[in-house]
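Student: I would like to learn how to read a structure like this one. Could we go through its features one at a time?

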Amino acid sequence: MDRRSSDRTSPQSSRIGWGDAVFKATLTAFAAVIPLLFLALVGRLAVSAWPTIRAFGVRFLTSSTWDPVANVYGAAPMILGTLLSSLLALVLAVPLALGVAIYLTEFAPGWLRRPVGTLVELLAAIPSVVYGLWGIFVLIPLLRAYVVPPLQAVLGWTPLFSGTFFGNSMLAAGMILAIMILPYISSVSREVLAAVPPSQREAALALGATRWEAVWSAVLPYGRAGVLGAIVLGLGRALGETMAVVMVIGNRHDLSASLVEPGITMAAVIANEFNEAAGLQRAALFEVGLVLFGVTVVVNALARLLVWRVARGSAVGSRAI
Amino acid sequence: MAERRSRLRAEQLTALYGGTAAVKDVTLAFPPNTVTAIIGPSGCGKSTFLRCLNRLHELAPGATVRGHVLLDGYDIYAPEANAVAIRRRIGMVFQQPNPFPTMTIYRNVAAGLSVNGRATRSETDQAVERALRGAALWDEVKDRLRASPLALSGGQQQRLCIARAIAPRPDVVLLDEPTSALDPLATQSIEELVQELKREFTVVIVTHNMQQAARVSDFTAFFYLGEMVEHDETARMFTAPREERTEAYLTGRFG
Amino acid sequence: MISLMTRRRLLSRVMTGATVLCAVLALLPLFAIFGDLVVRGASSLNWDFFVKTPAAAGDTGGGVANAIVGTLIIVGVGAGLGLPVGIGAGVYLAEYGNGRFGVLVRFLADVLTGTPSVIVGVFVWMLVVRPMGHFSALAGAIALAILMVPMVTRTTEEMVRLVPHSLREAALALGFPRWRATAQVMVRAAWPGIVTGGLVAVARIAGETAPLLFTALGNLNFRTNVLQPMQTLSLQIYVFATGPFEEWHRLAWGAALVLMSIVLVFGLLARFVTRTRFRDG
């Protein structure tokens, strides 16, 4: 048995192994950018926020004072404002988005699904600043003329709707946000519902359920984790929206429960004040950014876990993102 | 069985997925310019065995190989052996025709040539024509070498894959159930082709269709549950199998 | 007294109608916004609009030439930085990404796609603007690139994973080294999908404003130097919309119409790429 080793271990073959190593190393370097970016973001934000973290500690999150002159900063109004605006957006968007998703997966005629679906997704293509523009010159006048007066006539005594409506308000911000997050919730919900095996619906129908009952009691429960993930995804987007909010919310630092009054969110305050800020104020804004980043990371991680578990494929929702 | 000088020879080959052995201790020789068919019920390890012959099996996660495979006397599983270089000496055709969709017919056939170093334009032209003729496809595609392979029928695509595999003039050609995705007419043309191929190459064909094995092969090996049960000249095995299990399979009692 | 069956049937019809209503309500703002863009923006579109820079505050006329060019430059540089990294990371995840490092990268990429763009803006301010000492288009492009990378990574990975394994096996069986099987066969087969994902990401960043507020800042003049502040359509819309002059408001609508058109063009290109490939078979 002769062991000729001519072309098996020739110089050319060792060059090939080297090619594999270089290729993989290059790609690994590109992939490593992502975790490095994440660490850099967290690190940089934390370091830049350190002065106010050290100065105010936990009080930063609970205090309502934002005084650049006295150099005292508290982020409670913006944290609450972010939560309130996002919550309002969810309340308005979720029923509509789910309705659209159910319509498109269950009731719409086949030829209508793709065009309507595409149109709804087009809402996600509109830049935030264009939403803001429309909010200032179309939505707010509309609210002022047709929506707020009747609303205040009926509910003006409640803390949610008391006060004077000047246009820029939490209500306007919440409504714009609702329109902006609707396509995300709807498209991910659509994919989740489409992934439910048809046999689930058919089993319910075979038992004598009406079409709606089949959806409500068989299809929706099956996809409920994914739909919840879609909602959380929408929440994540609402928390971070900046331009449309800063253009319609009024940017007032007071803590107010009323929707018709101006408000402030974390993203909006950064956009509004960062370029003019210096020293401790800038550090305060960095700390606001750090809090916002932390919140969105947690929310997005949660959304991903929920959607991942239910829908097939690892990139469901990445198209919506 | 007379021991002829073998081009390719497996010795005590064992192939595992994790802890389970799919191929157990198989010793089998493939004489030059012959067609050897490997038959057996599904799950008996014949495809796994085939993929050990060109070191494709080890690429599956958790897969390991023990034993030796000798190509012209050289153990392709030797520690210093280069798997990529070895795969250039052994060609493979798969069950589903899989031409490269982004390459023209010409580039598909030439794909294996480019890895062996630079060739002049005319050298490549000649090699492509020779391979396509060898695959009985030249007359059908010679006017559309720049077309997409996806416009070809299933049988034509498979012959294109055969042309691609033989273009680099390998020593051995492995075929993994090459006709199971094709219609009867296309199957027939591939079977005729296999008979032609043995003039230049050593051919090993895995098939689940024992009539096909009887039609095209000179030698047949019967696998069952990972073991090679019997190996003989095709004519002799099909008329007078020595093992009981072989006879049971051939007469259709199982599989 | 209506029977239970009739009530259930009625509920089903009502709820079905409710979902239709939801679809209509959801599309109302879309048509309203697009309608307003066309109606209010069209009046601004004239030759001057596309070739002139903004007029002095309060004067009529002027245009957004600097913003249009600025958008193209910053988006172009940003894509030039972000696309290679995103595609490279995506190919890594598809071919080598089944280990723990791959799982980590994939998870963080998903998390990063949801990061508010304003935070990326202040991050790049600290990283680039501060050391440089001034705002610049380059800083803006870097911010946009950072936003693009996670998006492009995931879409690229998805596209490469869709390519059938047997193609890689056929390449390996021919004696292709691993890297060539990946680069010349797998990535090439996935290329139309990768391009689509890239175009969609470019469309997204073309509309961004927040990260540019602290990086590119904006510029009233026509500038093409990437090391200086630069204007984009998104920034211009923000300035005009929140300014005190009626004329500015009118111009904001025109700029918004142009920006929306650019975004739509990229989106249509993306769909076109996918469709032609399918036609080739």
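Tutor: Start with one residue, M247(A), which counts as buried because it has 29 C-beta neighbours inside 10 Å. A residue is buried if 20 or more other C-beta atoms lie within 10 Å of its own, exposed if 12 or fewer, and partly exposed in between, with C-beta atoms placed from the backbone. Note that this is a predicted model, in which local features need pLDDT of at least 70 and side-chain atom pairs count only at pLDDT 80 or more, while totals for chains, interfaces and linings use all residues. Residues are numbered from 1 along each chain as its sequence is written, and chains are lettered from A and ligands numbered from 1 in the order in which they are written.

Student: Which residues does M247(A) touch?

Tutor: Two residues are in contact if their C-beta atoms, placed from the backbone, lie within 7 Å. Not counting residues up to four places away in sequence, M247(A) touches G132(A), G135(A) and I136(A) in chain A, and A241(C) and T242(C) in chain C. G132(A) is 115 residues from M247(A) in sequence, yet their C-alpha atoms are 5.4 Å apart. M247(A) itself lies in helix α10 (residues 243-248) of chain A. Helices (H or I, at least four residues) and strands (E, at least two) are DSSP runs, numbered from the N terminus.

Student: How many residues does each chain give to the contact of chains A and C?

Tutor: Chain A gives 71 residues and chain C gives 73. On the side of chain A that touches chain C, helix α1 (residues 11-56) of chain A gives the most, with 19 residues. That side has 48 nonpolar, 16 polar and 7 charged residues. Here Ala, Val, Leu, Ile, Met, Phe, Trp, Tyr, Cys and Pro count as nonpolar, Asp, Glu, Lys and Arg as charged, and the others, Gly among them, as polar.

Student: What is a nonpolar core, and how many residues has the largest one?

Tutor: A nonpolar core is a set of buried Ala, Val, Leu, Ile, Met, Phe, Trp, Tyr and Cys residues joined through C-beta atoms within 7 Å. The largest has 279 residues, and those with the most contacts inside it include I185(A) and M148(C). Helix α6 (residues 170-194) of chain A gives the most to this core, with 17 residues. Leaving aside neighbours within four places in sequence, I185(A) is in contact with several residues, among them A93(A), A97(A) and I231(A).

Student: How do I read a sheet?

Tutor: Strands of a sheet pair through backbone hydrogen bonds, either parallel or antiparallel. Two strands count as paired if DSSP finds at least two bridges between them. In chain B, 4 strands form an open sheet in the order β2-β1-β4-β5, with antiparallel pairing. β2 and β5 (74-75) of chain B stand at the edges with a single partner strand each, so one side of each is left without a neighbour in the sheet.

Student: Is helix α3 (residues 105-114) of chain B mostly covered or exposed?

Tutor: Mostly covered, with 7 of its 10 residues buried. Among these are I105(B), N108(B) and L113(B). The cover includes α4 (121-134), α5 (138-141) and α6 (154-166) of chain B.

Student: What does the radius of gyration say about chains B and C?

Tutor: The radius is taken over C-alpha atoms, and the globule rule is 2.2 Å times the number of residues to the power 0.38. For the 255 residues of chain B, a compact globule would have a value near 18 Å, and chain B agrees at 18 Å. For 281 residues the globule value would be near 19 Å, but chain C has 24 Å. The C-alpha trace of chain C spans about 75 × 70 × 40 Å along its principal axes. Chain B has 10 helices and 10 strands, whereas chain C has 11 helices and 0 strands. Buried residues make up 47% of chain B and 55% of chain C.
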